[in-house]
Amino acid sequence: MTTPALTHARVLRSEWHKLWTVRSTWTTVLTAAALLLGVGILMGATYTSDGGDSDVDTVVLSLYGSQLGGIALAVLGILVTAGEYATGMIRASLTAVPRRAPVLWAKAAVYTATVFAVSFLTALLTFLTAQVFLSDTDQAASLTDDGVLAAIAGNAAGVTLLGVLALGLGATLRSVPGAIGAFVGGVLIVPEILGMLPYEAMDTAIRYFPTQAAGALGSATPLAGAAAPGAALLALFLWAAAALVVPAWLLRRRDV
């Protein structure tokens, strides 16, 4: 009997099955969706015209839960890579794919497709549900309004690329607690601390940090002091790419 040839399609199929046959995937995906939808409903149900949030972009208002949901999906990204090192399954994966790098690229591709689809559909549902409550307020909007659909897609892209960055951290550090700590500390907290420094150049640089760039993608109207959507998307893509290049290099340089 001949052994089936190793192809990229088979590696992708393997990673797809691994992603959806562990309980943590369902837990984190459902948690992220519930957080985004729940916060969106809460914001819509409690909003009053001319209140403290009247100047907030309507897509941003509806999708306030994105950061919480995004953290859950970032944890999933870490589990996709670092989780295999924790269980020891990575040895079997890399034995089956001796070139190693295709395993990482397949994990990133499957994760990216899954998270973008989940994030976009959940954001779309959340916006439409929130608008049921906001229809008689100054935050009423529809999908056909300028920038609304693009902002919803941008929100999903931002959440997805932040998750890919987390996936790369997991592959680099090979530790679930270590990667979660690095993501929370380095990606979420450090930019807030740097933003307190009284330097104009620092304020400009922080616009292109991961969370700030992701925030600029999810608004239907330009945000004051934020990067332009195109520049923000490019910056976030480069952060995510860099987070994958490092573990790809390490896979070739060190043992499992």
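Predicted model: local features only at pLDDT ≥ 70, side-chain atom pairs only at ≥ 80, totals over all residues.

Reply: Residues are numbered from 1 along each chain as its sequence is written, and side-chain values use heavy atoms, with hydrogens and water left out.

Me: How many helices and strands are there in the chain?
Reply: Helices (H or I, at least four residues) and strands (E, at least two) are DSSP runs, numbered from the N terminus. Read from the N terminus on, the elements run α-α-α-α-α-α-α-α-α-α-α. The count for the chain is therefore 11 helices and zero strands.

Me: What percentage of the 256 residues in the chain is buried?
Reply: A residue is called buried under 20% relative accessible area, exposed over 50%, and partly exposed in between, using a 1.4 Å probe and protein chains only. By that cut-off, the buried share of the 256 residues is 45%.

Me: Is S119 buried or exposed?
Reply: S119 belongs to helix 6, which covers residues 101-134. Because its relative accessibility is 5%, S119 counts as buried.

Me: Which residues does S119 touch, not counting those up to four places away in sequence?
Reply: Contact here means heavy atoms within 4.5 Å. With residues up to four places away in sequence set aside, the residues that S119 touches are L73, A156, V159 and T160.
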